[in-house]
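Here is a short tour of one protein model, with the sequence and coordinates alongside. Please keep the viewer open as you read.

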Amino acid sequence: MHVSHLSLADFRSYARVEVPLDPGVTAFVGPNGQGKTNLVEAVGYLATLGSHRVSSDAPLVRMGADRAIIRAAVVQGERQQLVELELNPGKANRARINRSSQVRPRDVLGIVRTVLFAPEDLALVKGDPGERRRFLDELITARSPRMAGVRADYDRVLKQRNTLLKTAALARRHGGRQMDLSTLDVWDQHLARAGAELLAQRLDLISTLRPLADKAYEQLAPGGGPLGLEYRGSAGEAMAAASNREELYGVLVAALGEARKNEIERGVTLVGPHRDDLLLKLGQLPAKGYASHGESWSYALALRLASYELLRAEGNEPVLVLDDVFAELDARRRERLAELVAPGEQVLVTAAVDDDVPGVLVGARYAVSGGVVEKVER
């Protein structure tokens, strides 16, 4: 799978830009702040319905514009599709596939798949649990686009349940009458049902990812492993014994019941996938707090490479996006990473200068400056 054409209108710094793309390596080169990352960010948005740089859509719309358009022609084997997203901050986004407007934005998921390497990846190792949950859930959705609906259902139920708990907590603190919380049982069941599906997918993903991450780390830093990926669930140790979705559902319902008194006091849901973490270990120690800067980089890169190998093995090879990542690496890691990604069907690279693009990544070059994207004849 590859993107053969990218078209942007009022996206970030671009009033309008058209970029033809070929399989193989394409590098966007230019000084910082000129719009290189905006191009690959748009491709990533098509794959995840989100940005790797910001948490909302508002910054993606060019100043003074009401909306932004991302449009891409996508080739998979003999099949070609045109996918388009209209970003409307504060309103519902719109989507079209092959010019049809009768689709939801999440219906485009799976048409474009990406694995993105970026300086922000260090947060996978050094950052908060939310970064690792996002990593897992985006990869789950790339494997199975229907999980976007499950994640949306979970978030909706969680929001409703938190609203009820917060109202009960405030009433209790201010001496109000006791609220009828019988509806919490219903919300518990809804939360546990969607949560069990999400947990099952996460646990399956981690089991599949472990050997691939180990292999990738060994390729990047020979002799530096082994890695350990352990899921830390807020539902407690009982979760480890659950072997299917129904058992996970039962574990979550029981854990929510046990936590209810504390949840009512604090006004927030304390049990569920939204409170879980992925513990990353290097040898016998947690990577967070113990791994060096170089080891942390290798770990983050290994997770991305493992993601690529997993999606590739399951069909529909993803587009590899390396956003200003080579400037962050020492010479050895830079060359090893370049060698590992070079065979990809489509590799998109951003760099401040040509020298930041390893020699093995031979392909098309675009110069990016002042919102202008020009192909460089070589």
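Predicted model: local features only at pLDDT ≥ 70, side-chain atom pairs only at ≥ 80, totals over all residues.

Residues are numbered from 1 along each chain as its sequence is written, and side-chain values use heavy atoms, with hydrogens and water left out.

**Pockets**

A pocket here is an open set of points on a 1 Å grid over the protein atoms alone, where a 1.4 Å probe fits and protein lies on both sides within 12 Å along at least five of seven lines; lining residues have an atom within 4 Å of a point. Grid points are joined across faces, edges and corners, and a volume is the space filled by probe spheres set on them.

| Pocket | Volume | Lining | Nearest the centre |
|---|---|---|---|
| Largest | about 630 Å³ | 24 residues | T48, A148, R151, A152 and D155 |

Which helix gives the most to the lining of the largest pocket? It is α3, with eight residues; helices (H or I, at least four residues) and strands (E, at least two) are DSSP runs numbered from the N terminus. At least two residues each come from α1 (36–48), α3 (129–143), α4 (147–173) and α5 (183–220). In the second largest pocket, α3 again gives the most, with six residues, and α1, β8 (114–117), α3 and α8 (293–313) each supply at least two.

**Sheet**

Three strands make an open, antiparallel sheet in the order β9-β10-β11; strands pair if DSSP finds at least two bridges between them. β9 (227–232) and β11 (285–286) are the edge strands with a single partner each, so one side of each has no neighbour in the sheet. Strand β10 (residues 277–282) is joined to β11 by two bridges, and K281 has P286 in β11 as its bridge partner.

**Salt bridges**

The whole structure holds 27 salt bridges, each a side-chain nitrogen of Lys or Arg within 4 Å of a carboxyl oxygen of Asp or Glu. One of them joins R53 and E41 (2.8 Å, N to O).
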